[in-house]
Amino acid sequence: MIQIRNVTKKYGANIAVDNVSLEIPAGEICCLIGPSGCGKSTALKLINRMLEPESGEIFIDGKDTRDFQPELLRRHIGYVIQNVGLFPHMTVAENIAVVPQLLSWKQEKIEERTEELFRVMRMESDQYRYKYPRELSGGEAQRIGVARALASDPAILLMDEPFGAVDPLNREGLQAEFMKIQSDLKKTVVFVTHDLDEAIRLGDRIALMREGKIVQYDTPEEILAHPQNRFVSDFVGADRALKRLSRFPVSEFMKKPVVVKVSDDVEAFVAQIRKKGRPRFFWLLDEDERLIGPVDSRHVHTPFSREEDVMEANCSAITVRDSATLREVLSRMLGQGVKTVPVIDDDSRLVGEISILEIEKVTEEAALEC
Amino acid sequence: MLKSALKTFLRRSAGMILLAGVFIYLIFDMNPWNVFLRALFPEETEWIYPRAMLIELVGEHLLLVVISSALAVSMGIVAGIFVTRRSGRVYLQTVNDLTSLAQTFPPVAILALAVPFIGFGFKPTIAALFLYSILPVVRNTISGIEAVPGPLIEAAFGMGMTPLQILFKVEIPLAMKVIMAGIRISVVMNIGTATLGAIVGAGGLGVPIISGLVRQNPAFVIEGALTVCLLAVITDRLIAGIEESYF
């Protein structure tokens, strides 16, 4: 856990960090975000003493950071920067081994740890360890950068816009991977970014900074639902209700779908539904339980015809993956003009359905709290 | 990493090492010289400088070059490192100016000025050669180190390296290719300039050249000059081979 108490950093007359106090619980990701020059990168560098404050203290797990030799402190804190900073004259394995070697680890221990890190990063050890950074793609290099920061198994990770120089498609992948890694490792992470969507996606808490001060420090849901002042609401944007939806995974809100396999007795099933009167829609699956499409029980032929009765020929346009958030669901609904969206897993099997009603319930909660 | 660098070096320099072998042979066996120079200058009666064996002259020449270059390279690199440190940065402009001055000042003049104080022969020649060859080393050390990208230094600092560790693990290895190029330029220039030593009695390959001038015998001049030329080319390629093997 990191405690920052009344820390001020000045550059001559310019106050970069102005009497900032912040407490970051262990195992959480705290995103520092704000406009350029707000002091977020400066604040980050105060934690590992790359910069010294004019006043204030920083405690890590109760110990004052000034009680440690700065280099030793930094060797036990992971640090990842934007342009990666992998040493071009060293192989991937040598790069990863830098901090362990500074800590005088034995060679076997370094080897073991390198193997473990490749496993954690889901990268083939034999393929990557002897490569040079120039042979890696941007995304690969960034993953190695994170691995290098984790080499000494630090409890804290400081990241300064680590995914900023990567293209948007790869960035999403890196973010998703990072979330998976974090759920296993539970590091205390301080993450500087200028990308609000990234902060909302990754942060357990967000600290919005402006001109050296913290304006609001809250969970993403709170900041989006209850921005404290004009600056915050302008910063998060007028579409904050939509942004908030990206905090809710569809897997937590979807309902059990009503299904029938094409190999079963579809007509009997339809007759049963008609007798009960509901539900109106059900989903037709193939023999492998993959989604074929929705069927309206009121407009079904006898005998049942797959081509005529299934409403959406191109079902992939309306489905979402089970890893999606309510934001994608709403986008799908608006884009395709449907009120219910099927949820499929990696194998295209139907795992749930979600309707506009579930989404309304979530947005209502935010409104009620006001 | 050192072993693979050595292997790369040997592979690339194979041709040069062969040429070097031929050169060493030519220093000892003067027959090819006689044949060659006689064909070029049939009107002369002597084609090979008689007062000293070529091997002796080459030895004297190499001594001049090796000692003055060793001094220039070591002090040049140290100076270059010093002015790129935070504490030495104030002296950057001064060092730049001084080394430029040292290079533009004619070495013959340095010799002429040094002799009254240091005497004739070896010492003033070393002084002149040292001053003349230090510039490329200092300049390339500075530019090599300054070319190391800022984010890399940041990353190294943030990971917990001390400034000294950053210098030896990051800055110098990455600057090495450029520094080597500076050393190569410096040494090769030195090999040619060392012929001046003959003027003040330091020996070396300038001796047959000056003698050829005085006795109006171009064959002597060629003996000296061609040997210097071969020495310079071989050294240039050998050091270039080392340069290639750095990142």
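Analyst: Buried residues (under 20% relative accessible area, with exposed meaning over 50% and partly exposed in between; 1.4 Å probe, protein chains only) make up 49% of the 247 residues in chain B. A word on the ground rules: this is a predicted model, where local features need pLDDT of at least 70 and side-chain atom pairs count only at pLDDT 80 or more, while totals for chains, interfaces and linings use all residues. Residues are numbered from 1 along each chain as its sequence is written, chains are lettered from A and ligands numbered from 1 in the order in which they are written, and side-chain values use heavy atoms, leaving out hydrogens and water.

Chain B has 11 helices and 0 strands (DSSP runs numbered from the N terminus: H or I of at least four residues for helices, E of at least two for strands). Its C-alpha trace spans about 75 × 45 × 20 Å along the principal axes. Of the contacts (heavy atoms within 4.5 Å) with a separation of 6 or more, 77% join residues 24 or more positions apart.

Now the surface. Chain B exposes about 12300 Å², with carbon and sulfur atoms supplying 71% of that area (Shrake-Rupley method, 1.4 Å probe; for residues, only the protein chains shown count as cover). Patches take residues with over 30% relative accessible area and no salt bridge, joining like charges within 9 Å and nonpolar side chains (Val, Leu, Ile, Met, Phe, Trp, Tyr) within 5 Å. A salt bridge here is a side-chain nitrogen of Lys or Arg within 4 Å of a carboxyl oxygen of Asp or Glu.

The nonpolar patch covers about 570 Å² and is built from Leu62(B), Leu63(B), Val66(B), Ile67(B), Leu71(B), Met75(B) and Phe122(B). Helix 4 (residues 54-83) gives the largest share, 6 residues. Met75(B) sits in that helix and counts as partly exposed because its relative accessibility is 45%.

Then there's a positive patch, where Lys3(B), Lys7(B), Arg11(B), Arg12(B) and Lys177(B) gather. Lys and Arg count as positive, Asp and Glu as negative, with His and the chain ends not counted; each charge is placed at NZ of Lys, CZ of Arg, CG of Asp or CD of Glu. Helix 1 (residues 2-12) contributes most to the positive patch, with 4 residues. Lys7(B) is in helix 1, and it counts as exposed because its relative accessibility is 57%. Over chain B, the mean positions of the 16 positive and 14 negative charges lie 11 Å apart.
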